[in-house]
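Subject: Structure and notes

Hello,

Here is the structure for you to look through. My notes on pockets and salt bridges follow below.

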Amino acid sequence: MNVRAVPLNDGRTIPQLGLGVFQMSEQQAEAAVLAAYEAGYRLVDTAAGYQNEAAVGRAIARLDRPEHDDVYVTTKLANGDHGYDEALAAFDVSMGKLGLDTLDLYLVHWPCPRTNRYVETWRALVRLREEGRVRSIGVSNFEPHHLRRIVDETGVVPAVNQVELSPFFQQRELRAVHAEFGIATEAWSPLGKGGVELLGHPTVTGIAAAHHATPAQVVLGWHLASGIVTIPKSVTPSRIVENIGAADVTFDDAELAAMTALDRGARLGPRPDDIE
Ligand code: NDP
């Protein structure tokens, strides 16, 4: 399994495919992280809000591995923790649960524009990076106007913006802004939450049949071919193995164009400006 490393604008890299652990119980998250490591995953995406950071930390501590530092861990600041001091304190709590000294990637989970403290929060993340407590800092669910504001007011460009993205919701305008700033795009709900509309779409199933691949591998393979970092979630061991198999799927130009033509501009999750 050959998962590429994507370069970030801060000189570091991020594995292009990882395991998302949203909506997993502690027990499920611990088991899934162990199964994913075994299958070759080297990135885990959690969040304070998922209530399973401690389980992720336990799984990482249990891994049987030669190198200590070979798992890339992302966590996210919860919406109730916006503000400079609040963000610094929330980071300490997350790190205590994860049992890590240094975090790979810390994200602001949602901009929460009505609370309107995301610029201060961003300054706290900049400090954490300066102090070496986190290697890379980024945001999640930031629209172009949120991105421009933090860059204008702090001069610091996020390394990553993690947003809802799938072949049905390709975020082309936002990705153009990412390209302008050199921000890596990371996709959440990359499988469209596993729905049959996407995984059963004839374009997807047709390409899958032609490649002896599964629909999920084709969808995730499209992310990889498009330069997007992707974090499918599964608690099912066979799907955990299946999903990283996307790294072996290659497309010809016509197939890529057919996948790209699936864009419907329709999101499954909330609009970022609506989240408090
Ligand atoms: P996904 O698009 O990853 O879909 C997950 C669903 O698809 C689950 O029901 C899973 O079932 C199913 N599934 C997984 N693999 C397959 C497969 N090979 N074939 C068929 N079905 C499959 O959605 P998520 O919303 O979970 O997003 C992924 C990750 O993104 C999250 O875990 C989280 O880390 C992150 N995220 C971030 C958000 C943010 O605001 N920053 C918001 C939402 C998600 P099962 O588990 O039963 O196998």
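The lining of the second largest pocket is made up of seven nonpolar, four polar and five charged residues. In this count Ala, Val, Leu, Ile, Met, Phe, Trp, Tyr, Cys and Pro are nonpolar, Asp, Glu, Lys and Arg are charged, and the others, Gly among them, are polar. Please note that the model is predicted: local features need pLDDT of at least 70, side-chain atom pairs count only at pLDDT 80 or more, and totals for chains, interfaces and linings use all residues. Residues are numbered from 1 along each chain as its sequence is written, and side-chain values use heavy atoms, with hydrogens and water left out.

Pockets

The second largest pocket has a volume of about 330 Å³. Its lining has 16 residues, and Ile60, Arg65, His68, Asp69 and Leu100 are the closest to its centre. A pocket here is an open set of points on a 1 Å grid over the protein atoms alone, where a 1.4 Å probe fits, with protein on both sides within 12 Å along at least five of seven lines; lining residues have an atom within 4 Å of a point. Grid points are joined across faces, edges and corners, and the volume is the space filled by probe spheres set on the points. Helix α2 (residues 53-62) gives the most to this second lining, with three residues. Helices (H or I, at least four residues) and strands (E, at least two) are DSSP runs, numbered from the N terminus.

The largest pocket holds about 690 Å³ of space. Phe22, Gln23, Ser189, Lys193 and Lys233 are the closest to its centre, out of 29 lining residues.

Salt bridges

A salt bridge is a side-chain nitrogen of Lys or Arg within 4 Å of a carboxyl oxygen of Asp or Glu. The count comes to 17.

Arg58 pairs with Glu26, with the closest N and O atoms 2.8 Å apart. Arg58 lies in helix α2 and Glu26 in helix α1, so the bridge ties together parts that are 32 residues apart in sequence. Both belong to a network of salt bridges that links Glu26, Glu30, Arg58 and Arg62.

Is Glu143 buried or exposed? Glu143 counts as buried, at 15% relative accessibility; buried means under 20% relative accessible area, exposed over 50%, and partly exposed in between (1.4 Å probe, protein chains only). Glu143 forms a salt bridge with Arg267, with the closest N and O atoms 3.5 Å apart. Arg267 is partly exposed, at 29%.

Regards
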